[in-house]
Structures are given as structure tokens and as C-alpha cells.
Amino acid sequence: MLAKVRNWLFQQRRVLTAAVGVAAGVSLLRLSGMLQPWEWAAWDQMFRWRQAANTDDRILIVGIGEEEIQQGNWPVGDRVMAELLRKIDAHNPRAIGLDVYRSRPRPPGHEELLQAFADIPNLVGIEKIGNSSEETVTPPEFLDERDRVGFNNVVFDRDGKIRRSLFYWHMKGESHTSFALKLALMYLRTEGITPKGSHPEGYLQLGDRVFPRFQSRDGGYVNADDGGYQVLVNFRGPAGMFPTVSMNDVLQGKVPSEKFRDRIVLIGSVAPSLKDLFQTPYSESLLNSPQRIPGVERHANFISQIISAVLDDRPIIKVWPNSVEYLWIVLWSSIGAGLAWRLRSPAWSLVGVLVSGGVLLATCYFLFLPGWWIPLIPPALALTVSAVAITGYIAHLEEELKQSKEFLHSVIDTIPDPIYVKNKQHRWVVLNEAYSEFLGYPTAALIDRSEYDFFAPADADRLHQEDELVFQSGEDRENEEKFTDATGSTRFIATKRSLHRDAAGNVFLVGVIRDITERKQMEEELKRTAAELTRSNEELQRSQSRLRHQAYHDDLTGLPNRVLFHERLDQAIQWADTSEEIVALLYIDLDGFKEVNDNQGHAVGNLLLQAVAKRLVRCLRSSDTVARLGGDEFTAILPGIREAANAERVAQKIQATISEPFELEGHKIQVTPSIGISIYPLHSRDRETLIDQADDSMYAAKKQGKNCYKLAQPSAG
């Protein structure tokens, strides 16, 4: 297995080198930030392709538009603002967000506004935290003292768009919460959901949803400012995704109470003339001028992202680890290089790159739908560049291949044996004249063709597989095969195949052929002769086995006959002498067998003898020997027993077994055994004497009344 892997790596080293090299170059471009604008543009396009979410009715925007400004209501005076807040609070919203700076009094009515601040506990104001590039805008002091203020600082990308939002910001050792998060937490608190402080990485967790903190290289970013607690924004859609009413309509009581009840109400400017407008991924379009959203709607998107993720399970934007992103780039670089190497045609390579690019785009888009930001531009660039690099390399190889063919042809044409040279596509690229004559086709007809164009399918498959084994293993192979030439004659050939590589790295298979038809015919003749001799020998052995079996076994029952009985008894006696054990000999005669023969006939008598033989074999050990000496006389040799009592127990078992009635051709027949027992060496050490003693004991059993057994008496010696 390891050898195959090494061989594959060696064969694919150019593709792998190009793929890894291009992937490394693209990764460096990615790290340099040169691909960042393209990746942002691709990310924005994903948003525009995606179907916009439904309008979020949990948030209501009270807009201060051009009409209010023209009426002189900008900046909104304290008395008007106090009246607006009280009218909204009267409809029982869950939270009110005042996205209007109130850093200083705007009389008349400042006391009324302060009283409204005091009377509305679910009101949140805004502040702007200053830094080196922005001035600080302080919040209303009353709200600040009661921790009912959130900052509205915005994180802009280099192209001026908003793709991130801030949850928390630490300045001078003090933690600040964003305006959007403050209102979202106030809304979720009424649902019984509060932040959990148990997340191991310190991420904000609300219910089961965790908001991962943005890192400087997440998604398409490179070395971005990741200060504070930032998250990537999953915008609901273009401008107009939240219900909006005018400030005048609220003051005049024209807005129904249910519009406010249990909602987050945001108060802010929507007038274009105030230029409080921002760009999002939805801002650009090929057909329309850029659409910007008011700042108050920006906050609405931030708030909606939080509560929709927690309550509606709406996706939170997630990214891959950097290591996985690099592997992703290597994968698509390998696909581009592999396609170009396999297709080996600029036109088809272009088609392959376009199709693969479509698959890459679809993959990124469909992963974007559940919230994954998967890099698109780096792998697409790696796919294209690696394909172009391999295509250029193949063009170089083609030129080298042409030179190699010319050299090979000049060498092998001087060799008398048929020789062919194949490329990895199994096409003949060089042939000598001997090979063309051998196949019976002119060289011009064979060049750049394969065996499937000339041989029978079965022969072509076999030759192709043999060649492919050499290409795959890289090892030389010698084998014998047959094929049918142009005249229809079948030939046997011995072929040696080996791989060779030219200076440009092109791999060729060289096959050298020898005609071994005559030799194979002689071998086949020898095989037939040997097979006939083998069959004759086997038949002779079978005949010998049959004759031996007939010589040592009873024809009727298949039991050992008298000759084999004597051999087995001698063997048992010899074994008893060496093992210091005893041998029992049982002489068995059937009581009433003559009456069966006389009354039922010899055929039934023979069946009875066969049935008795089977019962005797079944009730004895495999090491015991049951023999038929003739007529209805049987013997049983019991080697390896320790005492005479064992033989008596066997005799009792035989009595019980044989005495059971036999069903033979509709006749119920019952016979009994008379059994004589002699023991070696207890009764005699002589075989014939031992047999005679068992025979005499059997007759004694018959005289005693049959269906019994008698044990021989010890010899006088």
C-alpha cells in the first residue's frame, strides 16, 4: 500500500508541485491584503443574491424626516422631544432607543425632558466615544448616571461600508455597551433571556446562541482592526426592512397603539439632507445607484440580528479557522491543476475551470445561506492560475514529446523484435517496422491509435490491463498472452513491458514482443500427454483401492471381513502390549436368524444382516472394529479398555441395541444376540486361542438360553 502511494505521488509530482506552489502564492496575496476588496465584493454579492428576510415588526422606527426639518424641528427641541417620548411610552413599548444626540439642553422645555427621562425607565440614549479621529459626544447626564446609555460608534471597512458591529468597547479601563446591544438585551430580558457568563472563550451567550468575536483575519479580512467586541453583521436586506412612521404622525396621534406595544421603538433621523447615511453590502448594484441606509436603520439591523438569532435561530456569521482556509485554497488549486493535466487541452481545460468555478461559487453561496463566510476569491484564483500553469507546462511537454518520439523511432527501428511505445493514454506513439509487420497493418494506420481499434474486445481488454498494471506499479512485467492478427490467426506471444522517462519527464511504456506460438503448441501437446498419464494413473489407483476394499471387506455389509479382522486384532494386541492396556474380543451370533431366512426369504435376511451391522457400528466407538466373519456371525474388537467390566457393559449395550425390533419391507422382525467375550491377555496371549475362547463363550451363551453374554474363563497356563 505504501509503495502504491509513493508511486502515485511520484507520478503526480508535477501536478502537486504546481498546486502547492500556486496555493502558496495565492495565500501570500491573501495575506498581503490585495485580494481583500475582491473578497468583500463577492461577500456583498452573496447578500444581494440571497432573498431578503421578512420585515422585522419587533422594531419600529420613528423617523425625523425632511418634513419635520422643514417645519423647524431640527434639532428637535426639548419640549417636543419630551412630548414625543411620553406619547410613545403611553403605548407600552418594551424599549425606546433615542438615536439623537442630547449632549446639551435645547430650550424651551428642558425640565420637561428631564422629567420624561426619569419617568420612562426603558429609555436608552446614545453617546459617541471619541478617539484620535472622532470627537466625543456626551450622552444626557441623567441617563448616563443610570446606565441607560449606549455608544453608536461605527466600524467602517476601507471601502466605506459597514460589515461589522460593536457590542462592547473598553476605553480608559471602562467598559461601554453599544446602543444596539443595550436595547436588544432590554427586549430579551422580558423573554427571560440574559447574558451567560460561562462561555470558555468569553463570548457573549444569550440562551443557546453564542456570538463569536470577530478576529482580524476572519472571512475576507486581512489585519483588520478587531479592537473591542466586534461581530460580523447578518443584514436583513436592503433599506426599508423595518416599519417606519414619522415623528409628526406620532405627535398627532395618527399611529395606532399596537404599532408600539411590546416593540423596540427607535427614534432617529431619516432625512437625506442630514447625511446620516451609511453603506452596507446591499448598497451597490449594477443597475441602480448606491442605496444608503439611515443611521437609525443601521441600529435596527444590529438589534434585529441579536434578537433574531436568539429567538428565531437566524444564522450568525461564522468563519473557518485559517488552517482550514489554506487547505481550501490548496484543494481548489489541486482541482485546477488536476483538470488541466487530465484534459490536456486548452479548450477543455477552460471548460473544466469554468464548471469547477461554478461549483466553487455554488458551494460558497449555499454555505453562506446558513451563515458561513467561506473564501471565494483565493480558491477561484488558485483554481485558474494552477490550470493555466499546467496548461503551459503541457505545451512544453508536447514539444519535448515530439523530439522524444523522433529519437525513439530511430533507435527501435533497428531491432528485429516487434516493439511498441505507448503514452499514458494508451496510444501507440512509436512503432518499429517489425511490430507493424507482426500485426499486419501499416505503421501509419497504427500511430496514435490503441489496441481497441484493431483487436477483438476480449484481447484488447487483456492487453490494456497488462499495460495499465505497469503504468500503475512502475515495475517491469513479463507475461505470455495471445491475440488475433489481421489475417485472423491466433498467436501466442511473450511480452516484456517497462516504463521509461524522457528528459522532459514524459512517461512511456515500451513493450518488446516475441512470437512463442510453436513453443506453446509443444507445451500444450506435452500437457495433454501428461494429463492422459495422470488420468490413467488415477484410474489404476481407484482400481487398486476397489480391489483392496473387496479383499478386506464383506460384500453384503461393508464391514471388515475375516482377513481384515485378523489384522486389526493383531494390531490391537501389539498396542495393548506397549500401552499396558487390555483388548476385548466379542463374538456375536444372532438368535433366530435361520427362522427369518426360512420364513421371510434370503432377501429379507440380507437386509437384516445389513441393519444389524449398522446398529453394531453406531453403538461402538470409532476406535473399535466390527467385522462379519460369515453368515450371522459378527465380531467386535475393543482395544484400549482398562478392565473386563468395560467389555461386559458393551455387550449389554449390544444386547439392548440388537434386541430392538427391525422394520424391513413391511415386516417387523426381532432377533437377539448371543455374545461370547474373551480378554487379552487375561484369557490368552495367543490370537487363535483368544478367538476360540470367544467362540466357545458365545456357544455357552446360546446353551444358557440365548440373548445373553458369557465371559471366557482364564486359561490354565
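Mentor: A cavity is a set of grid points where a 1.4 Å probe fits but cannot get out. The model considered here is predicted.

Trainee: How much space lies in the largest cavity?

Mentor: The structure holds four cavities of 30 Å³ or more. The space in the largest cavity comes to about 110 Å³.

Trainee: Which residues that line the largest cavity are the closest to its centre?

Mentor: Elements that each supply at least two residues of this lining include strand 17 (419–422), helix 14 (433–439) and helix 16 (457–473). By class, the lining of the largest cavity has 10 nonpolar, one polar and five charged residues. Of the 16 lining residues, the closest to the centre are Tyr 420, Tyr 435, Phe 455, Leu 463 and Ile 513.

Trainee: How many residues of the lining of the second largest cavity are charged?

Mentor: The second largest cavity holds about 60 Å³ of space. Among the residues that line this cavity are Phe 151, Asn 152, His 299 and Phe 302. Strand 5 (164–171), helix 8 (179–189) and helix 10 (295–311) each supply at least two residues of the lining. The lining divides into five nonpolar and five polar residues, and the number of charged residues is none.

Methods. Residues are numbered from 1 along each chain as its sequence is written. This is a predicted model: local features need pLDDT of at least 70, side-chain atom pairs count only at pLDDT 80 or more; totals for chains, interfaces and linings use all residues. Side-chain values use heavy atoms; hydrogens and water are left out. On a 1 Å grid over the protein atoms alone, a cavity is a set of points where a 1.4 Å probe fits but cannot get out, and a pocket is an open set with protein on both sides within 12 Å along at least five of seven lines; lining residues have an atom within 4 Å of a point. Grid points are joined across faces, edges and corners, and a volume is the space filled by probe spheres set on the points. Helices (H or I, at least four residues) and strands (E, at least two) are DSSP runs, numbered from the N terminus. Ala, Val, Leu, Ile, Met, Phe, Trp, Tyr, Cys and Pro count as nonpolar, Asp, Glu, Lys and Arg as charged, and the others, Gly among them, as polar.
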